[in-house]
Amino acid sequence: MNEEGIQANDEPEIKLETPDVEAVEAEKPVTETKQEIPEDAEAPPEPVKTKRRLRRFLFWTLCVLGLFALGTVATWFFQVGPLTIELDKARIEIESLESELENLRPLPAEIEQLSDALEASESHRQLLIVLFDVTSAQLALAQGDTVSAKAALIGTRASLLEFEKKLSAADADAVGDLIKRLELIPGEIDTNEAAASLDLEILASSLLSLERSLFR
């Protein structure tokens, strides 16, 4: 028994060290942190991605705005610009036409006056033609040329009728009396030259008086 006890005492004592649980637990976060660092280093942080997307968005936005601005400038240069020039020309032309219209507004009254003057001139011309015919008949009858005297009065009645249409009622009545006297003269030239000569003289005198009263 003593030998065994001695042998037992002579054997070296083997100490089994049990791991300290608290120390292990304390080391675990450090180990886990060391393991997470490579995973976080592989993926770019979220703020960097957001900045890149924002830059791309701003870049393309600026490109679109630039193209829109260029399109607007091109549209103005090729379409709006020429239209503006044409509009200015049209406005100037309208203003010029309005000015001319203001100057031409009295024109209708002037045209009416000229028309009246032209009509009076035509009437005067017809009366002078009748007076010329009567005077020619007088001259031919004075020379004894009855044929020429009657020939000179061929168109006189028609001229007096046209002249009568353009006169007032009182003047038209006077011309009507002259037409009646004129109708007697061709027959009087063949039968009574003296009566024809007298009627021609009365007719010429009445025409001269009418011409003075109407056109002088």
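User: Is Leu 141 buried or exposed?

Analyst: Buried means under 20% relative accessible area, exposed means over 50%, and partly exposed lies in between (1.4 Å probe, protein chains only). Leu 141 has a relative accessible area of 8%, so Leu 141 is buried. This is a predicted model, in which local features need pLDDT of at least 70 and side-chain atom pairs count only at pLDDT 80 or more, while totals for chains, interfaces and linings use all residues. Residues are numbered from 1 along each chain as its sequence is written, and side-chain values use heavy atoms, with hydrogens and water left out.

User: Where is Leu 141 found, and which residues does Leu 141 touch?

Analyst: Leu 141 is found in helix H4. Helices (H or I, at least four residues) and strands (E, at least two) are DSSP runs, numbered from the N terminus. A contact means heavy atoms within 4.5 Å. Not counting residues up to four places away in sequence, Leu 141 touches Thr 146, Ala 149, Ile 189, Glu 193, Ala 196, Ser 197 and Leu 200. Of these, Ala 196 is 55 residues from Leu 141 in sequence, and the two are 8.5 Å apart in space, C-alpha to C-alpha.

User: How many helices and strands does the protein have?

Analyst: There are eight helices and zero strands, so along the sequence the pattern reads α-α-α-α-α-α-α-α. Among contacts with a separation of 6 or more, 64% are between residues 24 or more positions apart. Buried residues make up 17% of the 216 residues.

User: How do I read the length of a helix, taking H8 as the case?

Analyst: The expected span is 1.5 Å times one less than the number of residues. Helix H8 (residues 193-215) has 23 residues and reaches 32 Å from its first C-alpha to its last, close to the expected 33 Å. The buried residues of H8 include Ala 196, Leu 200, Leu 203 and Leu 207.

User: Which residues of H6 are buried, and how are they placed around the axis?

Analyst: An α-helix has 3.6 residues a turn, so residues three or four places apart point the same way. In H6 the buried residues are Thr 156, Ser 159, Leu 160 and Phe 163. They cover an arc of only 100° around the axis, which puts them on the same side of H6; the arc is that of the directions from the helix axis to the C-beta atoms. One of them, Ser 159, has a relative accessible area of 18% and touches Gln 126, Ile 129 and Val 130, not counting residues up to four places away in sequence.

User: Where is Lys 166 found, and what does Lys 166 touch?

Analyst: Lys 166 is found in the loop between helix H6 (156-165) and helix H7 (169-191). Its relative accessible area is 33%, so Lys 166 is partly exposed. Lys 166 touches Glu 119, Glu 122, Ser 123 and Gln 126, again not counting residues up to four places away in sequence. Lys 166 and Ser 123 are 43 residues apart in sequence and 7.1 Å apart in space, C-alpha to C-alpha.

User: What is the largest nonpolar core?

Analyst: In soluble globular proteins, nonpolar side chains tend to be buried together. A nonpolar core is a set of buried Ala, Val, Leu, Ile, Met, Phe, Trp, Tyr and Cys residues joined through side-chain atoms within 4.5 Å. The largest one here has 25 residues, and those with the most contacts inside it are Val 134, Ile 185 and Leu 207. Helix H4 (107-142), helix H5 (146-152), H6, H7 and H8 each supply at least two residues of this core, and H4 gives the most, with seven residues. Leu 207 touches Leu 127, Val 130, Leu 131, Val 134, Leu 160 and Leu 178, not counting residues up to four places away in sequence.

User: How many aromatic pairs are there?

Analyst: A pair of aromatic rings is described by the distance of the centres and the angle of the planes. Rings of Phe, Tyr and Trp (its six-membered ring) pair if their centres lie within 6.5 Å; planes under 30 degrees apart count as stacked, over 60 as edge-to-face and the rest as tilted. By this rule the count is two. Phe 59 and Trp 60 form an edge-to-face pair, 5.4 Å centre to centre with 75° between the planes. Phe 163 and Phe 215 form a tilted pair, 6.5 Å centre to centre with 50° between the planes. Phe 163 lies in helix H6 and Phe 215 in helix H8, so this pair ties together parts that are 52 residues apart in sequence. Phe 163 is buried at 0% relative accessibility, whereas Phe 215 is partly exposed at 23%.
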